[in-house]
Amino acid sequence: MNYGKRGIVQQARALSSGTDKWGKKFSLFGFYIMLALILGVVIIGSSAGIGVFNGIRDNAPDISNIDVTPRGFSTFVYDTDGNQIAKLVSTDSNRIPVTGDMIPELLSKAFVAIEDERFYEHNGIDIQGIIRAAYVGITTRDFSQGASTITQQLLKNSVFSGWTDETFLQSVKRKIQEQYLAVQLEKRMSKEDILLNYMNTINLGQNTLGVQAASLRYFNKPVSDLNLSECAVIAAITQNPSRFNPITHPEKNAERRTKVLNNMLKHKFITQIEYDTALADDVYSRIQNVNQETGGDSTINSYFVDALTNDVIDDLIAAGYNETQAYTLLYSGGLKIYSTQDPDIQRICDSVFQDESNYPEGTKYLLAYELSVQAPDGTVTNHSSEMFQSYFKQQKSSFNMIYDSHESAEAAIEEYKSVVMNEGDEVLGEKITLTPQPQVSITVEEQSTGYIVAMVGGRGQKTASRTLNRATDSYRQPGSTYKVLSTYAPGIDSAGLTLATVFNDAPFAYANGTLVRNWWGSSYRGLNTVRSAIRDSMNVIAVEALTLITPQLGFDYLKNFGFTTLVEKEEINGQIFSDIQQSTALGGLTKGVKNFELNAAYASIANGGVYIKPKLYTKIVDHDGNVILDNTLPESKRVLKETTAFLLTSAMQDVVTSGTGGSVNFGTTAIAGKTGTTSDYNDVWFAGYTNYYTATTWAGYDNNAKMTVSAEKNLAKTMWRKVMEQVHKDLPYSSFSTPSGIVSATVCARSGKQPIAGLCDGTLISEYFEEGTVPTESCDVHYGGTICALDGLPATEQCPFKAQGVFELTPEVPPALQSGFVNYTPGNSAYTTTTNENGETVMVLNQCRHTPEYMQQEGIEGIIQGEWQLLQDAAAAAAAAAGEGAPPEQQAQETVVDQVPENVAAGN
């Protein structure tokens, strides 16, 4: 600074300068304006910020309407012993809520230590945590450090949705609302309840929600049994369930687990000794072992549970829920479903049906194939099983997608791909499914309750839930199992048939002219009772009987037996189809039947004629213990008289002891049942029962291919016996009881009527009858006197071929059947129905052709000579056959049917 005279003068001038004074004044004024502007901006900004904050806060959900209790719970299915057999879950419902007394204190402390160490001190917002997170973010540029309290996390999981995909501004808005609501929630709910709801809500990986589901998933034990090491593992998952998954990333979880334990030790939640013990625990080996033992995340349900879930959904809809509500309730409603499954019987069925040694050698495989190919120009071509089959059918018309091995199927696939793919083509997708054949199914029902106690819907590995269940979903032709249900049950119950009623097994045709064939071939066995027809599964007599009682009556009874697949009249591809027809006697149906419905029909016979709708569960309770579906009471109705049920049972006992079902008889209790085989052996069945259980087995190819070897043809009977023999192993012998209203009487086996002494002595049988149905007419088959050896009718006085003795005559054919017998004329019968002089209908015994008029015709000597020659030729042929040894009577076993009308099952 210049302190000389000149300098002092200059300073004085400067101080007195007007320009400089005004400049300083303006500068100071500008400063004040700037300051005012800044203050204004701050004030306005603060006001705006407060306004925005208040707006966001005011738009937050009303705390009084907020429910932070967990929503979406697993549904559990239990067997009759109370064992859990299935857990049904949707994406956000694998949760099992627990109460506070079930959660170990160490687990609660583990969550507090790692997630919110000042949980018991703050009011819902952790200011210190927010400052810490902000400092770390600014200094390290890592803003992943969370500052959300447990209260905030509970609100985020329970109230706010879609936060995983929100923008920055949306995140800020949610955070503000979260903090506001956290303070409000802490005023309304205790810390203990907040922590409990949090632990019941959080995502803990492997599709588990809440600590109980996680404990069962990772350690296969309830949360109450967790030790400190295991508590730390679960608490370590919370921050990032994928990254800290103890199964897929055990090393990452271990790092986080160590931090949990360190924090617990720091806060003196645990001692040093507890810390050291937990840290040394080889907990991850246990987790891997549990994962292997429990099958990991496999949620493939059994065939029984598949059928059960379908029933439950149907019943929920019937109760008033819509389809979406029913599915949500089933898979997210935390239901408890008490099923009818008997664990011991189901275990037997599973063991038998999974044992490949029980199946015929040389298992075949049905191929299902899909292929997607992309050409170089981007064009995509999809190939189906039908296209695959069409290609190979050009080489072999009988090709049916069945292969003897996986290797042969794979070779065919490579051949197909070489044909349909060009150079440069790329396989976008390929699906190969090889299903073992023949396939099988079984339903076992306790007939006294209607409980389905066991079910298997197929053989081979089950790869998904709700796949094809051949016990409930497949429509298959029932074959001869339908004879009892469609014909003999209604016939005996209300149409006047008895077990002693006789029909003539002789050439008989359907109304369309097609001949009905017996399963053993083209021969016929003449007069047989209904009991014999059931025992030997005689086709011709079954069709005759249904024709007599009318197909309409048979159809009505079948509907009453609970069959839902019957067709009264339906147009299919321009043709009218109906199951009210003669072929229904043999199980020739438009669509077929379901195994469990066929089983239920037989169960009604086993239950004394009372049908009980089969059920898979008894009751369902909701998450709060309220019963929402009560299925305990049986839905029953009488479909047959008790006496009818007994008579059918008696006849079907013969099927097992001396008829077509002899191979199922394991001998430790009384069994009744019926075999069933369709034409060409596409389907084989056995439906049978004891006093304890009714079971029906089916076997066949999924594509309706013909079974050719004996082991395949008898597979249904084989599997029935293997299951039922084990089921009854420890059960006492029980015979079928005779109800009141049943009497026994001796009748002639050839006529089914009262025997004539001296004529019927060799054909007497004792038979059961319902009271009031014992025949009073005398035998009209046996005849004592002279008979014409040529015509087989009583001889006239002029007959040159008279023979003396006791003979069998062909009884009169009922009018309803006359048109069905081939070449029938009234003269074929030994009797003619006529009206006498009193106007009464009477039967007159026919005589042979050799009437006086016949014998007086011109050239009678030559005619008689020719008739003698016919008799001599017949005798010579009989002698020759006797000399060669006539073929022994074929046993009642399953054999290929010669010919039947299309869609008509005609096996035994």
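What follows takes the sheet, then the cores, then the cysteines.

This is a predicted model: local features need pLDDT of at least 70, side-chain atom pairs count only at pLDDT 80 or more, and totals for chains, interfaces and linings use all residues. Residues are numbered from 1 along each chain as its sequence is written, and side-chain values use heavy atoms, without hydrogens or water.

Start with an open sheet of five strands, ordered β2-β1-β3-β15-β16, with mixed pairing. Strands are DSSP runs of E, at least two residues; helices are runs of H or I, at least four, and both are numbered from the N terminus. Two strands pair if DSSP finds at least two bridges between them. β2 (84-88) and β16 (627-630) are the edge strands. Inside, β1 (75-78) and β3 (336-339) run parallel, joined by three bridges. Tyrosine 78 stands opposite tyrosine 338 in β3.

Now the largest nonpolar core. Such a core is a set of buried Ala, Val, Leu, Ile, Met, Phe, Trp, Tyr and Cys residues joined through side-chain atoms within 4.5 Å; buried means under 20% relative accessible area (1.4 Å probe, protein chains only). Of its 62 residues, Leu485 and Phe563 touch the most other members. Elements giving it two or more residues include α18 (481-494) and β19 (683-689). A second, separate core has 52 residues, among them Tyr303 and Leu715.

Last, the cysteines. A disulfide is a pair of cysteine sulfur atoms within 2.5 Å. The count is zero. Cysteine 748 is in none; the nearest cysteine sulfur, that of cysteine 779, is 3.8 Å away. Cysteine 748 is buried, at 0% relative accessible area.

Definitions and conventions:
Buried means under 20% relative accessible area, exposed over 50%, partly exposed in between (1.4 Å probe, protein chains only).
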